[in-house]
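Hi! Here's the structure I promised to pass on. Have a look at it first, and then read my notes below.

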Amino acid sequence: MSQLEIKDLHVSIGEKPIVKGLTLTIHSGEVHAIMGPNGTGKSTLSKAIAGHPDYTITSGDVLLDGASILGQEADERARAGIFLAFQYPSEIPGVSIANFLRAAQQARMAEGEELDASAYYKRLYSKMDLLKIDRKFTSRSVNDGFSGGEKKRCEILQMAMLEPKFALMDETDSGLDIDALRIVADGVNTMRGPNLGVLLITHYQRLLDHIVPDHVHVMYDGRIVKSGDKSLALELEAKGYDWIKKELAASAA
Ligand code: ADP
Ligand code: MG
């Protein structure tokens, strides 16, 4: 069992503080949702955890199984078991999904170690079967001309192949259509289990109808201001975020 601990994290972009003291612990097997209004720092949080170089962690810590990951580059964090699903994945014309995933697997192996091609394809096809993805899919270039749903399918397949300990999924604001939303939800629900922890970032409650979270957190102005179970998401949907702002203003007064 693994644990991802975010401890009093402060993140700046340039000189501007965005995440302002966020604390959250996720255990494997759990799905946590973070909801919050636009501009509150949700995407900044996920990118900072994944090790994006534009985001400066000014204080606090992120620990994976008790060890800080902050000194590690993004690829080391990925190898340690942190997966960031992109809100807007890049297109890589000329590189097939099969070759891309193979290179990603090879990159995770020790120097001099060679990936066994037949074992790789066996694993790839078993994951594709699990996720009900057509075999023809992996001969296409990564995200090249893909629909929103196909891009999500490609992300989910990467996640299945990399078998992360923790998946950070930022689905905010992307206006996922119903097709893409189902692909993400079915993928996460298929992979959900005792070995995977998920941090699902979403602006809308809609996704949480399909992926029922164990914990829901409201992020506002760079902090978690309220936590609860899945009913909190429904409350937010019904009442909007103004209610949280009013509650905060009242408690500050
Ligand atoms: P959310 O995902 O909750 O909508 P973000 O983390 O994307 O919020 O953004 C939080 C704040 O950081 C916003 O005010 C946004 O304008 C600012 N911001 C995000 N990315 C950048 C960037 N690359 N450069 C400058 N400011 C940024
Ligand atoms: Mg965002």
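This is a predicted model: local features need pLDDT of at least 70, side-chain atom pairs count only at pLDDT 80 or more; totals for chains, interfaces and linings use all residues.

Helix α8 (residues 230–239) lies across β3, β11 and β12, and runs at about 45° to β11. A few terms before going on: helices (H or I, at least four residues) and strands (E, at least two) are DSSP runs, numbered from the N terminus. Contact means heavy atoms within 4.5 Å. Axes are lines fitted to C-alpha atoms, for helices over the stretch in contact, and angles run from 0 to 180 degrees between N-to-C directions.

Residues are numbered from 1 along each chain as its sequence is written, chains are lettered from A and ligands numbered from 1 in the order in which they are written, and side-chain values use heavy atoms, with hydrogens and water left out.

Back to the sheet. In which order do its 6 strands come? The order is β6-β9-β10-β3-β11-β12, in an open sheet with mixed pairing. (Two strands pair if DSSP finds at least two bridges between them.) At the edges sit β6 (82–85) and β12 (223–228), each of which pairs on one side only. From one strand to the next, the twist averages 20°.

You can find both senses of pairing here. Strands β9 (residues 166–170) and β10 (residues 197–201) run parallel and are joined by 5 bridges, with Ala167 opposite Val198 in β10. β11 and β12, on the other hand, pair in the antiparallel sense, also over 5 bridges; one place to look is Val216, whose bridge partner in β12 is Gly228. These two strands make a hairpin with 2 residues between them, and Asp221 there takes a positive phi near 50°.

Another helix to click on is α1, which lies across β3 (31–35), β6, β9, β10 and β11 (215–220) and runs at about 145° to β9.

**The four-stranded sheet**

There's also an open sheet of 4 strands, in the order β2-β1-β4-β5, with antiparallel pairing. Its edge strands are β2 and β5 (67–68), and each pairs on one side only.

Let's walk across it. Strand β1 (residues 3–13) pairs with β2 over 9 bridges, and Glu5 has Thr25 in β2 as its bridge partner. The hairpin that β1 and β2 form has 2 residues between the strands, and Gly14 in the turn has a positive phi of about 60°. β1 is also joined to strand β4 (residues 55–64), by 8 bridges; there, Ser12 has Thr56 in β4 as its bridge partner. Then come β4 and β5, which pair over 2 bridges, with Leu63 opposite Ser68 in β5. Their hairpin has 2 residues between the strands, and Asp65 takes a positive phi near 50°.

One tip for looking at strands in general: in a regular strand the side chains alternate between the two faces of the sheet.

**Around the ligand**

Cheers!
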